[in-house]
Every structure is written in C-alpha cells, then in structure tokens.
Amino acid sequence: MTFQILFAASAGHIYLGNTLWYLIVFAILLLLVKHYAWGPVSDMMEKRRQKVISDLDSAADNRKKAEVLANEREAALKNSRQEATQILTDAKANAEKTSTQIVAEANDNAASIHEKAKVAAAQAKADALDEARAQVADISVTIAEKVISKNLSADDQKDLVDQFIKGLNK
C-alpha cells in the first residue's frame, strides 16, 4: 500500500490514516471528557443519589412518626372517652347522693316541724286548760258568792277550785 492510499480518503471509504487520526482524536476527547466533565457529572450524580436516598429515609421516618402520632391520638381519644364516661358516672352518683341527702334533710326537717307542732299543740292545750280552769274558778267563785252571799278571799277561792278540779280528774 502506498502512503497516499493509507492517509487519503476516497469517496465513501475511510483509510487507515484517517482511522488512526480519528482514534487519536477520540482518545484525546475521551481523556478531556473524563478529566473535565466525567468527574463533576459523576459527583453530581452521586450527590443526587445520596439526596434521593436521604429523602426516602426521611419520608419513611416521617411516615413512622405519623403512624405513631396517629396511634397516640387514637389512644388519647379512647382515654378521653373513658374519662368522659367516668365523669358522667361520677356526676350521676353525686346527683343521686345529693338527692338522697336532700330528701333525708327534708324528712328530718318535716319530722322536726311535726315534733315542734306537737309540742306547741300540747302547750296550747295546757295553756287553754289552765285558762279554762282559771275562768271556771272565777265563775265558780262568783256563783258561790252569789249563792252563799259570802265573800271568799282569793286564796280560799283558788284552793276551792283546785280541790274541785282534782275531784274531776279522778
């Protein structure tokens, strides 16, 4: 092969000279790309990969935290329902206790009033009997004075009425 054949190209054919030249230029371009572009691109891709991994881990942690919070809210809601039920039960018990206490106090007051009324009635009866005795004594003395036309002293009159009343009680 001649020199001209090796480095020359004819229409549509690539010769060995061109091939070597293309390989050398390709190798130089490959080294330049590797040195200037591949490192930064590779670093950028690695950073991106780490960020995606970090985001996925963060999302998983956030999901777990959300599940824990949801469980805590559900437990708190259940607990608040139990507390509300307990409060209602306590309120009903207190209301029942209070109503029983009020009824007992009312019954005690009624019994006290009834007892006081009985005592007052007995006292009124005794007062009425004493007044009636006094009036009977006065009337008796007046009648006796008129009947025997004799004046008796007040002490004698009372003794006479008391004896008369004692005689009635027997």
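What is the volume of the largest pocket? In this predicted model, the largest pocket has a volume of about 170 Å³. A pocket is here an open set of points on a 1 Å grid over the protein atoms alone, where a 1.4 Å probe fits, with protein on both sides within 12 Å along at least five of seven lines. The volume is the space filled by probe spheres set on the points, which are joined across faces, edges and corners.

The model is predicted, and local features need pLDDT of at least 70, side-chain atom pairs count only at pLDDT 80 or more, and totals for chains, interfaces and linings use all residues. Residues are numbered from 1 along each chain as its sequence is written, and side-chain values use heavy atoms, with hydrogens and water left out.

The chain contains 3 helices and 0 strands, in the order α-α-α from the N terminus; helices (H or I, at least four residues) and strands (E, at least two) are DSSP runs. The mean pLDDT, the predictor's confidence in each residue from 0 to 100, is 83 for the chain, and 83% of the residues reach 70 or more. Among the elements, helix α1 (residues 3-7) has the lowest mean pLDDT (49), and α2 has the highest (88).

Of the 170 residues in the chain, 4% are buried, that is, under 20% relative accessible area with a 1.4 Å probe and protein chains only. The unreviewed UniProt entry lists residues 20-39 as "transmembrane region". Over residues 20-39 the chain is 100% helix and 0% strand, with the end C-alpha atoms 27 Å apart.

The largest pocket is lined by 12 residues, including A134, A137, D138, K158 and V161, which lie nearest its centre; lining residues have an atom within 4 Å of a point. The elements that give two or more residues to this lining are α2 (16-148) and α3 (154-169). K158 lies in helix α3 and is exposed (over 50% relative accessible area), its value being 56%. K158 and R133 are 25 residues apart in sequence and 9.9 Å apart in space, C-alpha to C-alpha.

Key: UniProt positions renumbered as here; feature names shortened; annotations may be inferred.
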